[in-house]
Each structure stands twice: as structure tokens, then as C-alpha cells.
Amino acid sequence: MHLYAIFALPFLGALAAALLPSERFRPLLIPAVGLLHAYYSLRLAFAPQPYPPDAMLGLDALGRLILLVVSLLFAASSLYAVGYFRTHPTWGNRIFIVCLLVFLGAMSLAAAARNFGLLWVAVEATTVISAPLIYFNRNRLSIEATWKYLLICSVGIALAMLGLMFVAYAGLQAGQGPGLQIDRMLAEAGLLSKPWLRTGFVFLLVGFGTKMGLAPLHTWKPDAYGEAPGLVGALLAGGLTSVSLLAVLRALQIMTAAGEDILARQFLLILGILSLIFAAIFVIRQRDIKRMLAYSSVEHMGILAVGLAVGKLAAYGAMFHVMNNALTKGALFMCAGNIHRYFGSKRMCETRGAAAALPWSATLFLIGFLAITGSPPFGPFISQLTIIRGIFDGGNVLLGIGFPFLLLIIFIGMSTTVMPVVLAPAEADPSPGEGAKETWLTVLSPLLLMSAVLVLGLSLPEPLRRLFQEAADLIEVGP
Amino acid sequence: MPIPINEILVAVILLNFFILGTSRLGTCIMAVASQGILLALLPPLVHGVNGHSVLLSVGALSIKGVVIPWLLFRAIRRVRIRREVEPRIGYIASLLLSALITTAAFLFADRLPLLPLHIHSFFIPVALSTLGAGFLLLITRRKAITQVLGYLVFENGIFIFGILLVEAMPLMVEAGVLLDMLVAIFVMGIVMNHINREFSTINTEHLSLLKE
């Protein structure tokens with residue numbers, strides 16, 4: 001029953017938002033849906049429910065993990081959304097809120113899909129429905145970002161569909177019963193025709209990798225994250241990337257079950273390392289704080305891909321890192337949004353000395369930066385360390401040295417932008433921006449997220465650890 | 001009466017060339033729509049008349065053949081443009097490229113490990129060459145609307161391949177795919193309108209403010 005609640009809630013909420021005439025009360029629907037959704041997701045995440053073998057919907061460990069991540073992030077940012085619309089009481093918010101809630105529903109659907117076709121439909125739906133969210137500021141820059149996002153991601157997702165068809169053709173050729181039901185595909189993966197399966201995997205990886213933002217398919221990312229409101233950036237960088245990762249994981253699962261995991265891992269490793277290199281190049285001298293966060297997101301998708309490629313302990317680290325990345329990125333984008341709104345700019349030179357004007361947001365931004373770059377004692381430190389240990393366990397010394405080295409470069413690159421923004425003395429004559437001060441609502445969300453990241457780093461709750469382990473084990477199930 | 005499957009597929013390829021070679025947007029939209037209608041006829045012809053193939057056919061016919069062309073015609077009326085000018089690669093060159101792609105697709109398809117049923121059938125090469133034509137449109141045209149048409153031709157290519165797999169796909173998924181595509185085109189239409197309002201043109205080369 002709870003399973004249906006996680007789709008029914010957002011869609012009913014969206015319907016209510018479309019019908020409710022009051023611009024003032026409509027934003028309250030977001031936390032109402034978000035908190036209830038989080039309640040059901042928490043219950044689902046730690047109490048696995050069996051589902052029939054031919055089910056369209058059902059939650060395995062991977063699905064539960066991604067659902068939990070998306071839901072927690074959305075619940076925390078829903079408070080921010082209320083604060084955001086309070087500072088802009090005159091802006092029309094009907095389309096935005098309807099899209100936001102449908103977006104949550106589509107992500108939940110993707111997490112629970114047991115049919116690869118349904119998963120594809122849900123991921124494509126997230127692309128289309130998030131386009132109006134990115135365009136919310138309605139100016140030249142945001143329309144450009146929206147167009148690039150829509151076109152590049154639609155073509156990427158179309159390629160994923162092609163990959164899916166190749167995998168289905170591999171099944172036809174093996175003479176097995178038709179179908180894209182994931183459990184059955186996994187059970188019969190050994191019979192699949194290898195050439196079609198391999199080609200299919202490449203297309204799936206390229207398609208969903210575009211959506212994840214793995215380099216060199218990430219070109220839409222800095223534009224979209226840069227121009228979207230902070231709230232949307234948080235949900236894209238934390239939620240949508242995790243859902244796209246889930247789609248890649250499903251493809252990886254099938255490859256592993258077919259005994260083709262070596263090839264799959266090589267591809268993942270190449271894209272992962274490329275992402276780290278691209279992020280390291282572009283994050284240095286990046287003057288725009290939101291674009292900097294976008295390249296950091298490319299970096300973390302790279303970390304996840306490397307972790308999955310290495311496998312075993314590193315795969316566990318990657319599962320842990322999915323949650324760390326989502327929560328920390330969420331907090332960072334919301335703080336960046338606060339800074340952006342106060343100064344009316346997101347350029348480094350115009351937002352100097354944020355600490356004096358926005359003590360909470362600037363401090364949380366700094367803490368979030370330290371956390372995401374892997375400083376102790378936060379969660380990402382533990383998960384990145386686990387991935388590095390996994391790399392050395394696998395005996396790949398070159399990667400074991402190169403990987404932390406790239407992380408270090410990105411840390412230095414980001415700090416040259418973050419430090420002046422937060423700590424430099426304020427300009428004598430600050431540029432007249434919108435001047436929207438931070439409110440307790442717009443600060444509470446990042447504060448909650450960062451506290452969660454701190455708890456994850458200090459002592460990981462046992463049920464969560466088990467969930468990460470179960471999710472990591474699912475990827476490693478061989479033929 | 002022999003079933004005219006191969007004739008339909010040949011017509012699809014000819015339409016690819018036609019779309020790549022014409023500069024009038026209205027004609028282009030009509031050509032993409034007729035391509036969609038031709039493809040919509042295929043599922044019942046290939047798999048026989050049953051509930052699944054007929055529903056797919058009706059869905060594709062109404063969405064690819066009617067609703068999307070109507071949306072696109074409305075979009076070009078609003079932004080008042082009729083022609084694609086100055087593609088990045090000229091018309092003759094894109095026709096030649098497309099001919100190359102089609103030849104390569106036919107040569108390549110013979111080497112693929114296909115089911116005995118599909119060896120020497122036109123489906124795979126036509127799907128590949130339509131994908132190629134769509135991709136060519138996407139990357140060589142400057143107007144937002146022609147890029148959308150490229151996306152549609154690309155989707156048509158995927159649809160052709162998908163016809164071989166009709167039985168492998170649950171109807172719900174196919175319905176979802178078509179619906180997603182429809183909404184995507186709808187949103188693209190709106191965005192196009194806004195591009196036109198902001199820049200007074202829908203040439204995408206003006207979309208170059210965001211870069212490193």
C-alpha cells in the first residue's frame with residue numbers, strides 16, 4: 001500500500017496545486033507532500049516488501065536507496081521552497097509548483113520501476129517536467145540553458161531507448177520470452193546475444209550518462225545548474241542525477257548477470273576518470289559559484305562511476321556516496337541561491353564578503369564546500385576514503401594515486417572561488433542587488449541537510465549501512 | 001495482395017532525403033508527419049491485426065501524424081518563419097552525407113548477427129539510416145524548429161527498430177514513450193516561442209551567452 005502512496009501523493013499534490021487559486025497558500029503544498037512522502041519512503045526503505053516476480057513496480061535495495069535519497073532531499077528542500085516564495089510573493093508559482101511535484105512523482109516512479117521500459121519513461125518524464133523549472137527566471141540566459149538541457153537530454157534519452165531496444169533484441173535472439181521486466185532479464189541474462197547486449201549497454205550508458213552528466217556528455221550541466229533557481233539546482237544535482245545513476249546501475253546489473261561485467265566496468269572507469277579530469281580543468285578559475293557547483297557535480301558523478309567500476313568495497317563506498325553527494329549538493333545549491341538572491345549576482349567578484357551579510361548561508365556554504373571536497377568529519381570524507389581503499393584493495397595503484405590527486409586539484413580549484421566569496425572583507429559599496437535577506441526557512445533546509453551529512457560522517461546508523469551494503473551486493477551478482 | 005512493407009520502408013528513406021533537401025519549414029513538417037503516418041501503418045502489417053498492434057498504430061498515427069504536426073504548425077505560425085536559411089552544412093552536402101549514411105547502413109546491417117527472420121529485411125538498415133538523417137538534421141540546422149524536426153526523425157528511426165520488438169514491449173511502456181514524446185514536443189514548442197520573444201528569432205546561434 002505504501003508503495004502506491006509514493007506516487008499518489010505527489011500527483012495528487014500536483015493536482016491540488018493546479019486547482020488551488022491562492023498564490024500565497026499554494027507553496028505550503030510542497031512541504032505537506034514532501035514530509036508525507038519522506039515518511040512513507042523511510043518506512044519503505046527499511047522494511048523491504050516482497051513483490052511478485054513479474055511485477056511492474058517493486059523496490060529492491062537499489063530502488064529503496066535511491067527513493068530514500070530523493071525523498072529526504074525533497075523533504076528538506078520543501079521548507080526552502082516556502083521561504084523562496086515568501087521572498088517573491090508576486091511571482092506566479094502555479095506552473096512551478098505543479099512541475100515540482102510531478103518531478104518528485106516521476107523520480108519516485110523511476111526508483112520503483114521493475115520494468116526497464118517503465119524506468120525509461122519515468123526518466124524521460126523527469127527531463128520534460130524539469131524544463132519549466134530551469135526556465136523559472138524567464139530571461140535570455142535561462143531560456144538558452146533550458147533549450148540546451150531539453151535538446152541534449154532528449155537526444156541522450158532517445159539513445160538510451162535505442163540501447164534498451166538492442167538489449168531487448170538480444171533477448172529475442174536468445175529465443176527467450178519477450179519482455180523488459182528487470183528480474184526476468186537478470187535471471188535469463190546469460191542467454192542474451194552478446195554483441196547486441198554489449199552495443200545496447202554502450203547506448204544505455206551514453207544515454208543515461210548524458211542525464212547523469214558524466215563527461216564528455218555533461219555540456220548542458222553548467223548552463224542548466226547555473227541558470228536554474230537554487231532550489232531546482234539542488235533537486236537536479238542531488239535527486240535527478242541519483243535517479244539517472246539508478247538507470248545506469250540497472251544496465252550494469254544486467255551486464256554483470258550476463259558475465260560481461262569487465263567490459264561494462266572499463267567503460268564506466270573511462271567515463272568516470274574523464275569526468276574527474278574535465279571537472280578539475282573547468283573548476284579552476286571558475287568565477288561563477290553555481291557553475292562551479294555544476295562542475296563539482298560532474299566530479300562526483302565521476303567518483304561514483306569510478307567506485308562502481310572498481311567494485312566490491314568501492315561499490316559500497318559509491319552507494320554511500322550517492323547519499324552524501326545528494327544531501328551536501330542540496331545544501332550547497334540552496335546556500336548559493338541565498339547568496340545569489342542577496343547580491344543579485346553569482347559572480348565571485350560581486351559576491352565577496354558574503355559572511356558579513358548572510359552569516360548563516362555563507363557559513364553553511366563554506367561547511368558544505370569542505371564536506372563535498374572530502375574533509376573530515378563529514379560523510380563524503382568516509383565514502384571517498386572507502387572508494388580509495390577499494391581501489392587499493394583491487395590492486396590498481398596508479399588509479400589509487402591519480403584519483404586522490406584529481407580530488408585534491410578540484411579542492412584547491414574550488415577553494416580559490418569559495419574562500420573570497422565567504423571570507424573576503426565586504427566591498428565598501430556593495431552592488432545594489434535584490435537584497436533579499438536570508439530567512440529562517442531558507443537557512444533551515446541547508447542546516448538540516450548539513451547536520452545529516454555530519455551525522456553520516458560521525459556515526460553511520462546500522463540500518464543505513466545495511467541498506468548501502470545490500471545495494472552494493474545487488475550490483476555484484478554475477479552469472 | 002502482397003503486403004507492401006518494403007515499399008513503405010523505401011518511402012521512409014525517400015522522405016529522409018526530402019526532409020534534408022528542402023528549406024521550406026511547412027513542407028518539412030508535412031514530410032515528417034507523412035513519415036510518421038507511414039510508420040504507424042507498419043505494426044499491424046508486420047504483426048497482424050491484434051489489439052496490441054492496432055492500439056500502437058492508432059497511438060502513433062494520432063500523435064506522430066496529427067497532434068505533433070499541428071503543434072509544430074502552430075509554432076511556426078506564431079514565430080512567423082517559413083524557411084530554414086543557411087544551414088551549417090549546405091543542402092547538397094547534407095544530401096550526399098545522408099546518401100553515404102544510407103549506403104553504410106545497408107552494408108553494415110548485413111554484417112549484424114540478426115535473427116534468421118530479419119536477415120535481408122529492410123527494417124534494420126532503414127532504422128539506422130533514419131537515425132542518421134535525424135542526427136544530421138539535429139547538428140547541421142540552426143533554427144530551433146528544424147532541430148525539433150531532427151529529434152522527431154531520430155525518434156522515427158527508433159520506432160522502426162521498435163516495430164521488430166512490438167511483442168517485447170508492454171503496451172503501457174509504448175504508450176508512455178509516445179506520451180513522453182508528445183509532451184517533450186509541446187514543451188519544446190513553448191520554449192521556442194520564448195526564444196523568439198527574447199531574441200526576436202529562433203536561430204539557435206544566438207544562444208551563445210553561456211560558455212566558459
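Predicted model: local features only at pLDDT ≥ 70, side-chain atom pairs only at ≥ 80, totals over all residues.
## Ground rules

Residues are numbered from 1 along each chain as its sequence is written, chains are lettered from A in the order written, and side-chain values use heavy atoms, with hydrogens and water left out.

## The A–B interface

Chain B puts 44 residues into the contact and chain A puts in 47 (heavy atoms within 4.5 Å). Together they bury about 4,200 Å², 77% of it on carbon and sulfur atoms (accessible area lost on being put together, 1.4 Å probe, summed over both).

On chain B's side, helices 5 (123–140), 6 (144–163) and 7 (171–199) each supply at least two residues (helices are DSSP H or I runs of at least four residues, numbered from the N terminus). Helix 7 of chain B gives the largest share, 14 residues. By class, that side has 31 nonpolar, 7 polar and 6 charged residues (Ala, Val, Leu, Ile, Met, Phe, Trp, Tyr, Cys and Pro are nonpolar; Asp, Glu, Lys and Arg charged; the others, Gly among them, polar).

## The largest cavity

Its lining draws at least two residues each from helix 6 (140–173) of chain A and from helix 3 (51–79), helix 6 and helix 7 of chain B. Helix 6 of chain B has the largest share, 5 residues. By class, the lining has 11 nonpolar, 1 polar and 3 charged residues.

Conventions:
Buried area = accessible area lost by both parts, 1.4 Å probe.
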